[in-house]
Structures are given as C-alpha cells and as structure tokens.
Amino acid sequence: MKAFRAAATATVLAGMLDRPRPHQIAEATLIATLAAEITRDAPGRDARDTLTLLLSLGAAALGGVTIARSTHQPDPHGNPGAFRGGAAWYALAQLLTVTLLWRRGARPHTGHWPARGAGLLLGAGLLIRHDPESLPVLSGYGALLNLMALLAADPRLACAHPDAARLLRRGGWMFVASDLLILVRRYLLRDRLSRALTEGVMLALYARAQRNLTRGLMLLTRRS
C-alpha cells in the first residue's frame with residue numbers, strides 16, 4: 001500500500017509539473033505495484049483470472065505511458081497519434097476487465113442512465129467539436145469504458161460480493177470522471193495553472209480508480 005501511495009503521489013506531481021519522463025516512470029511504477037499485489041495473491045484464484053488481471057494492467061500501463069507522451073506537449077492538443085494509440089491500449093484494458101466482470105455474472109442494468117448519458121454526450125461533443133479525426137477510436141474506447149463502469153456497478157454483484165461490489169462501483173465511476181477530465185484539459189483549457197490543477201485531479205482520480213478496480217476484481221475472483 002505504501003509503495004502504491006508513493007507511486008501515485010509521484011505520478012500526480014510529475015503530471016502537474018509537466019514532466020513527461022518522470023510521469024511515465026511513476027505511472028508505470030504505480031501499475032507495477034498493483035500487478036505485484038495480484039501476483040502475491042495468485043494462489044487464491046484461478047490462473048485464467050490472474051492472467052486476465054495482469055494483462056489488463058499491462059495494457060493500462062502502455063496506455064498511460066503513451067498518453068503521457070501525448071499530453072506533455074507545447075500545443076495543448078498534444079500529439080493526436082499518441083493520444084489515439086494510448087486510447088487503443090486502454091480499450092484493450094477495458095475489454096479484459098469487462099471479460100472478467102461478465103465471467104463473474106455482471107450484466108448491463110438500467111441504473112444511473114442520466115449521468116452516464118450526460119458523460120457520453122459531453123465526451124462525444126468535445127471530440128466532434130475539437131478532434132473529429134479521433135472520434136472513431138475514442139468513441140470506441142468510450143463505449144468500452146462505459147460498459148466496464150456499467151458492469152462494475154451491477155447491483156447483482158452486491159448480493160454475493162458486497163465488498164468487491166463497493167470497490168468496483170467506485171472505481172468505475174472514478175475512471176469515467178478521470179477520462180472526461182482528460183478531454184476537458186486537452187480541448188478546453190489553455191492557461192498553465194488550470195491545466196496543471198486539472199491534470200492533478202485527473203491523475204489522482206485515475207490512481208484511485210485503478211486501485212479500487214484492482215482490489216475489487218481481486219475480491220470478486222477469489223476462490224470461495
């Protein structure tokens with residue numbers, strides 16, 4: 001836990017100070033601490049679930065490193081190609097998480113549709129207005145992200161796995177909020193202070209999201 005907190009703090013500070021290389025190293029370290037927890041706990045779950053968890057975190061690490069390279073640029077819009085590449089890696093991570101949740105019985109439901117719809121519309125509106133070339137890749141990623149958050153908040157999980165369900169629901173919402181802040185920072189903010197503050201909040205939410213989702217999935221997939 002201490003190693004994760006240290007890595008998360010370093011990630012937030014490097015992002016706010018606009019230091020791409022330290023940001024990449026810190027974020028990769030953050031993911032590595034979560035992967036180490038999964039590996040230590042591996043005897044308590046099916047090997048297939050452990051592999052899926054580790055592959056999801058690996059894809060997230062590649063996504064984070066790639067987007068960090070795109071974000072820290074003189075132009076606020078950054079490097080569009082790297083941004084889309086990072087989104088593609090995160091899409092793979094979300095797909096693997098969706099696979100785990102589905103395997104454990106999570107299914108789509110009708111809860112919180114107004115908030116989810118508002119988030120999707122905001123993200124799509126920013127892309128259409130400011131970066132239509134990225135719309136195909138990022139809208140596909142957004143769909144997978146929202147499906148992951150929807151499954152993570154399935155009330156049926158709370159019946160059999162209340163502790164896991166609480167962590168998963170919280171992590172899913174935090175991940176969606178974090179990604180919306182990426183778009184706000186990228187397309188709407190121009191002054192250095194507002195961009196740095198938004199980057200800090202976004203990275204703090206992202207770190208907590210990954211922590212909650214990882215812990216929730218570890219509990220959910222543990223052998224009874």
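How much space lies in the largest pocket? About 360 Å³ lies there, in a predicted model where local features need pLDDT of at least 70, side-chain atom pairs count only at pLDDT 80 or more, and totals for chains, interfaces and linings use all residues. Residues are numbered from 1 along each chain as its sequence is written, and side-chain values use heavy atoms, leaving out hydrogens and water.

**The largest pocket**
- A pocket is an open set of points on a 1 Å grid where a 1.4 Å probe fits, with protein on both sides within 12 Å along at least five of seven lines; lining residues have an atom within 4 Å of a point.
- Among the 22 lining residues, Leu138, Tyr141, Gly142, Asp179 and Leu183 are the closest to the centre of the largest pocket.
- Helix 6 gives the largest share of this lining, eight residues; helices here are DSSP runs (H or I) of at least four residues, numbered from the N terminus.

**A nonpolar surface patch**
- Leu62, Trp89, Leu92 and Leu95 form a nonpolar patch with about 340 Å² of accessible area together.
- Such patches join nonpolar side chains within 5 Å, from residues with over 30% relative accessible area and no salt bridge (a Lys or Arg side-chain nitrogen within 4 Å of an Asp or Glu carboxyl oxygen).
- Helix 4 (residues 80-103) supplies the largest share of the patch, three residues.

**A look at Asn212**
- You can find Asn212 in helix 9 (residues 192-220).
- Asn212 counts as buried because its relative accessible area is 5%, and buried means under 20% with a 1.4 Å probe, protein chains only.

Key
Helix = DSSP H or I, 4+ residues; strand = E, 2+ residues; numbered from the N terminus. Buried < 20%, exposed > 50% of the residue type's maximum accessible area, 1.4 Å probe, protein only. Patch = residues over 30% accessible without salt bridge, like charges linked within 9 Å, V, L, I, M, F, W, Y side chains within 5 Å. Areas by Shrake-Rupley, 256 points an atom, 1.4 Å probe, with all protein chains shown as cover. Points joined across faces, edges and corners; volume = space filled by probe spheres on them.
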